[in-house]
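Thanks, everyone, for making time this morning. I would like to walk through one structure with you, beginning with a pair of helices and then turning to the domains.

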Amino acid sequence: MPRAFLVVMDSVGIGGAPDADSFFNDGRPDTGANTLGHIADACAEGRADVGRNGPLHMPNLDALGLGAALKLASGHDGPGLGATPTGLWGAATEVSRGKDTPSGHWEIAGVPLPWEWTYFPDTEPAFPDDLTKALIKAAGTEGILGNKHASGTVILDELGGEHMRTGWPIVYTSVDSVVQIAAHEEVFGLERLYDMCRAVAPMVHGMRVGRVIARPFVGSAEDGFKRTVNRKDFALDPPSPTLCDWATGEGRPVHAVGKIGDIFAHRGITDEVKGADADLMEGLIGLADTARDGALVFANFVEFDAQFGHRRDVPGYAAALEWFDAQVPRLIERLRDGDLVIFTADHGNDPSWFGTDHTRERVPVVGYGVGLKAIGHVGFSDIGASVAAHLGLAERGAGRSFL
């Protein structure tokens, strides 16, 4: 019985979304955003020679069809990404009205978003009074800090010291449908932060806001603050059964790597591997050795997005892509006959773009295990349908298999 490995390279978009003009960053439409394409351009032009050098070097994913997918999606010839495909390759377009993590992952898993998310206004305060009161009550403090749109790293520099003095949590949002709560692991307490998020999540979800995210950090005002790997997402349940539920419902194990369990509200998940991306890669490769026949391994590598996309760090993003690509042979060499691995993404986050938020883009679909197969333009839901077909699961969901 074959296995399937579905690997999401968080935010590695390839441009070309047909509705990009209706999504915005810093008041400007996402038309023309292209995460992979613009990183490749910057590398070729010597604008990403910090901690790495030269053209973008991703020979393994490019050999499967990454450069061809980029060209298909957006017409962009990515410098250094010109290999003739040898694997499964194409580009996927999202229909859900969101450029966020849950929308992308749920649709990949066969469930396009049937509603529009609630977003908080870019005002100060950003949250309605009743939510602010609930946040204060859940924190057990006299108030909260922030209460506005902010970059998660910038707001730590701005308010981390005040948090240390007052003990009040830092609560903020963004153009995503999200409430983010940052607190110091030692001063506020990690479990206390989780309890606060857990307490307000039902109210937040009732507003059709997708996630409450715990953003723990460490450090000091003197030495600087740094997020830890103990982030935890409290996500709204998917509106209907997803690929994860389909698999576990038919007795198949679903191994979640990274934040997959959080994204799917831990529904349809057998077990989880957590940690930094380097740890997740070791976990993914280990599962290639140990996962039983018929298993689904569903992975998310978040640092492209969290560490480099939102921070508009082109060299850092390029280096992360090259590191990831160098690990691909380690995974492939452990696959068994009949196994399938698909590499894709959930949205874009062009580090050369305006603002600091996600960008509306198509995403690559490249894979190993079925030989050379050009699939053309597909939908996000077709990815989940194809994984389900490969595993021999009953046909369901919004997509159609491209296998």
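This is a predicted model: local features need pLDDT of at least 70, side-chain atom pairs count only at pLDDT 80 or more; totals for chains, interfaces and linings use all residues.

Helix α4, residues 101–108, and helix α13, residues 380–391, have axes that come within 6 Å and cross at roughly 45°; helices here are DSSP runs of H or I with at least four residues, numbered from the N terminus, and axes are lines fitted to C-alpha atoms over the stretch in contact, with angles running from 0 to 180 degrees between N-to-C directions. Contact, meaning heavy atoms within 4.5 Å, is made by G104, E107 and I108 of α4 and by F380, S381, I383 and G384 of α13.

Residues are numbered from 1 along each chain as its sequence is written, and side-chain values use heavy atoms, leaving out hydrogens and water.

An automatic or database domain assignment divides the chain into domain 1 (4–113 + 239–391) and domain 2 (129–235). Their C-alpha centres lie 28 Å apart, and the contact takes 14 residues from domain 1 and 10 residues from domain 2.

How many salt bridges are counted between domain 1 and domain 2? The count is 0, where a salt bridge is a side-chain nitrogen of Lys or Arg within 4 Å of a carboxyl oxygen of Asp or Glu.

Methods. Helices (H or I, at least four residues) and strands (E, at least two) are DSSP runs, numbered from the N terminus.
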